[in-house]
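Here is a short briefing to read alongside the structure below. Keep the view open as you go through the points, topic by topic.

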Amino acid sequence: MYSQSARLYDVMYAGKDYAAAARYVRGAIEAVNPKAATLLDVACGTGQHLEHLRASYDVEGLDLNPDLLAAAHTRCPGVPLHHADMSSFSLPRRFDVITCLFGSVAYLKTADRLTATVKRMASHLTDDGVLLIEPWFTPTAFWSDHLVANFYDSPDLKLAWMYRHERDGDMAILDQHFLVGEPHGIESFTERHELGLFSEEDWDAAFAAGGLLADFDDGGPFGRGLYKALRLPGTRA
């Protein structure tokens, strides 16, 4: 994922309002755990959520892509950042809040890995901690053969990337075609993104396995909803 496009990530999502998303997340946290002080952002990418959340919490980040993490280090100096897989990470502390935003869990691909990841996150929560996960599409909400084209235009960078929604069972396949123009030349490349389509039953099973009780907010930071999960009394994943 983002094997070639990591350096373009912030340009690709330049229209995303990270400040508003952070405000939404803070509101969700304050509603269930107003005393929360520590936060881990799983799949933190280039650190744009962390940049806004660090004013309110003692934050750390985690991501599998080293190029995205390098950008996060530059954006958030002094913030501990961990190079690790969200399904198997192990850190020496627990957190009052763990977030996983912008549908990043879809890169887990399978329901089994979703369950493993939720259990792993739950094991890193304090007893009164909260887990916030922004999902991607469900199998019924995803539509195949949908064509998407995006463009970015600045004096020193011209960028176009497009893809068609394809599906293989409960997996979405996005073969993204990039055309990148810069003063030193023009290049093109294709990058495949495979994303799991998790059902409500998949989510229910994952939270139950993690000893968590989850509530679903239909809105969420970007309209895809938000799972807010708390530990069931007497459980520890």
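Domain 1 and domain 2 of this predicted model bury about 1300 Å² between them, with 66% of that area on carbon and sulfur atoms. On the domain 1 side, the residues that lose the most area to domain 2 are Met12, Lys109 and Trp136, which together make up 39% of what that side buries.

- The domain assignment gives domain 1 as residues 6-138 + 198-231, and domain 2 as residues 146-196.

- The side chains of Lys109 and Glu194 come to 3.0 Å, N to O, in their salt bridge.
- Lys109 sits in the loop between E4 and helix H5 (111-123), while Glu194 belongs to strand E10 (residues 185-196), so this pair ties together parts that are 85 residues apart in sequence.
- Shared partners extend the picture: salt bridges join Lys109, Asp175, Arg192 and Glu194 into one network.

**Other salt bridges**

- The structure as a whole holds 14 salt bridges.
- One of them pairs Glu60 with Arg93, at 2.8 Å from N to O.
- This pair links distant parts of the chain, 33 residues apart: Glu60 is in strand E2 (residues 58-63), and Arg93 is in the loop between strand E3 (81-83) and strand E4 (95-100).
- Glu60 counts as buried because its relative accessibility is 7%, under the 20% cut-off.
- Arg93, at 28% relative accessibility, counts as partly exposed.
- Arg164 and Asp145 form another salt bridge, with their closest N and O atoms 2.5 Å apart.
- Arg164 lies in strand E7 (residues 157-164) and Asp145 in the loop between strand E5 (125-133) and strand E6 (147-154), so parts that are 19 residues apart in sequence are tied together.
- Arg164 is partly exposed, with a relative accessible area of 36%.
- Asp145 counts as exposed because its relative accessible area is 56%, over the 50% cut-off.

**Backbone angles worth a look**

- Most residues other than glycine have a negative phi.
- Which phi value does Asp145 have? Phi of Asp145 is near 65°, a positive value in a residue other than glycine.
- Asp145 is also the salt-bridge partner of Arg164, and its place is in the loop between E5 and E6.
- Ala43 has a positive phi too, about 60°, although Ala43 is not a glycine.
- You will find Ala43 in the loop between strand E1 (38-42) and helix H3 (48-53).

**Around His165**

- His165 is found in the loop between E7 and strand E8 (166-168).
- Is His165 buried or exposed? At 5% relative accessibility, His165 counts as buried.
- The side chain of His165 reaches the backbone oxygen of Trp143, at 3.2 Å.
- Not counting residues up to four places away in sequence, His165 touches Phe142, Trp143, Ser144, Asp145, His146, Val148, Ile173 and Leu174.
- Asp145 therefore turns up in several places: it is exposed, with a relative accessible area of 56%, and Asp145 is among the residues that His165 touches.

Terms used. Residues numbered from 1 in each chain as written. Predicted model: local features only at pLDDT ≥ 70, side-chain atom pairs only at ≥ 80, totals over all residues. Heavy atoms only, no water. Domains from an automatic or database assignment. Buried area = accessible area lost by both parts, 1.4 Å probe. Salt bridge = Lys/Arg side-chain N within 4 Å of Asp/Glu carboxyl O. Helix = DSSP H or I, 4+ residues; strand = E, 2+ residues; numbered from the N terminus. Buried < 20%, exposed > 50% of the residue type's maximum accessible area, 1.4 Å probe, protein only. Polar contact = N/O pair within 3.5 Å; in protein donor to acceptor, adjacent residues only side chain to side chain. Contact = heavy atoms within 4.5 Å.
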